[in-house]
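Me: I would like a close look at one part of this model. Please focus on the charged pairs and what they join.

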Amino acid sequence: MKPRKVRGFEDVYAQDISVLSTMLECLQAHYRLYGFEPLYTPSIEYSDVLGKFLPDDDRPNDGVFSFQDDAEQWVSLRYDLTAPLARYVAENYDNLPKPFKRQQTGTVWRNEKPGPGRLREFSQCDIDIIGSTSMASDTEIIIVAARALEKLGIPSQQYRIAVNNRKLMDSLLMRLFPLQKGAELTAQKTTILRAVDKLDRLGITGVTQLLGQGRKDESGDFTKGANLNTSQIDMVLDFLTTTNTIKDRKSALKALENIAHKNALGEEAWHEFFRIDNLLSALHIPDWQVQFDTSIVRGLDYYTGPVFEAELLPQKNDTDKIVGVSGAVGGGGRYDGLVSRFSKNIIPGVGFSIGVTRLFHALKQYMEYDFSVQTPVIILALEQDFMAEYFKLADELRQDGIIADVYMGESGMRAQMKYADKRQARFVIIEGEDERKQNVVTIKDLDKGRIVSQSISDNTQWRQNQEAQVKIPKNDVLAYLSKRIKK
């Protein structure tokens, strides 16, 4: 049998796990400062409870991994953390403080076509405010999201939060299809939104094809289009490019007036933009950090008002070459109908999700981070009869917070040193017969040894070199390593 991974899934090793854990601890602590309480919801929900809001309706199971349980009911792996939150709020609404502010980190799964930066299994870190219609909630979500990126070390000039409003898009659709209503208009809207949401990936040409007859990708797969005529496509493209060259929010508001004041829904969207800008300006959030951008729509169908997207900006190195990874690393928006599916009452909500896996991969290429982790001290097992002594020494180090590992194989010293090197250990402890007679141990500093070895030209020099190792009394091992590792 050939070992192989399923496409769209990846293995994650120790160093990356350590950095991911640090990232999440940083984000979670930041969110707690703003009063967002942690919540856990299950990975599997009833399929009808999750609902069908994903943009990939041409994928099997509507983009969701689903199966029947032992009661023959359809259940699905969650595709985001917001749909399960809606179920939780509906079940516990009477006992929750209103507004309810929650944060959650977890794995989600999407049965979509994998590609660069698009995995079928990934982690998200969410914040949400349930129960408030005020644009203060939307504004706080935007501000918390922006400062979360800065907490991870991203300078404010190297990212932006783009803000749009679904009501503005709905206003455009009402003008595009004045005779359509209900399910017919909803279906047309969904197709157009899914086309527009691919703008950053496919560009104007690709979106134009999806707004028209459809598009065939490089693999030969064909996606049906929205079948708009030329004038309708031009209207959509004009809408998307309204704020293309505008960088300050006040100028964007003036430009948006021209398309917002066509009907009542557009007017409502414009006033929401206006209130968000007032709050951002009061807190001195600069225009280049949070911008109004009509090309942002977000793919999920449940958004009903303001939507936002966080993206890293391309950077130039000393030779003016573009470096790093640009693109969206998080997004969110207002969803006033999602929780209300379970209730007779309108229960508004707004949230933001950081794509942890995507952001992590972007940061590795985008910025200079120290991705090193504390590696174990390896204790060589040169004599099986004295394994208990090796275990005792390892236990003493662990109680002081030093990661320690006793070699468990039966190979000789050369193989054990290779093992330590593969584990990327910095220190190796050797206690053989000679050391035991003197009540000492030999400690090898493998990092220093690698540096010194670059200047050694023959075997005699190697044997004579003592810089990379030291003999110390056995009782002093803990103090010696504690000092070296902390340093």
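Is aspartate 277 buried or exposed?

Reply: Aspartate 277 is buried, with a relative accessible area of 0%. This is a predicted model, so the values here are computed from it. The partner of aspartate 277 is arginine 249: their side chains meet in a salt bridge at 2.7 Å, N to O. The two residues sit in distant parts of the chain, 28 residues apart. Arginine 249 belongs to helix H9 (residues 249-260). Aspartate 277 belongs to helix H10 (residues 264-282). Arginine 249 is buried too, at 2% relative accessible area. Both values fall under the 20% cut-off for buried.

In general, side chains of opposite charge can pair when their charged atoms come close. The count for the model is 27 salt bridges.

Lysine 101 and glutamate 140 meet through their side chains in a salt bridge of 2.8 Å, N to O. Lysine 101 lies in strand E5 and glutamate 140 in helix H4, so the pair ties together parts 39 residues apart in sequence. Glutamate 140 has 25% relative accessibility and counts as partly exposed.

Now the surroundings of that pair. Strand E5 (residues 100-109) pairs with strand E6 (residues 121-130) in the antiparallel sense, over ten bridges. Within E6, isoleucine 129 is the bridge partner of lysine 101. Both strands belong to an open sheet of eight strands, ordered E1-E5-E6-E15-E14-E11-E7-E10, with mixed pairing.

The side chains of lysine 474 and glutamate 431 meet in a salt bridge at 3.0 Å, N to O. Lysine 474 is in the loop between strand E20 (469-473) and helix H17 (477-486). Glutamate 431 is in the loop between strand E18 (427-430) and helix H14 (433-438). The two are 43 residues apart. Lysine 474, at 18% relative accessibility, counts as buried. Glutamate 431 is buried as well, at 4%.

Key:
Residues numbered from 1 in each chain as written. Predicted model: local features only at pLDDT ≥ 70, side-chain atom pairs only at ≥ 80, totals over all residues. Heavy atoms only, no water. Pairing = 2+ DSSP bridges. Helix = DSSP H or I, 4+ residues; strand = E, 2+ residues; numbered from the N terminus. Salt bridge = Lys/Arg side-chain N within 4 Å of Asp/Glu carboxyl O. Buried < 20%, exposed > 50% of the residue type's maximum accessible area, 1.4 Å probe, protein only.
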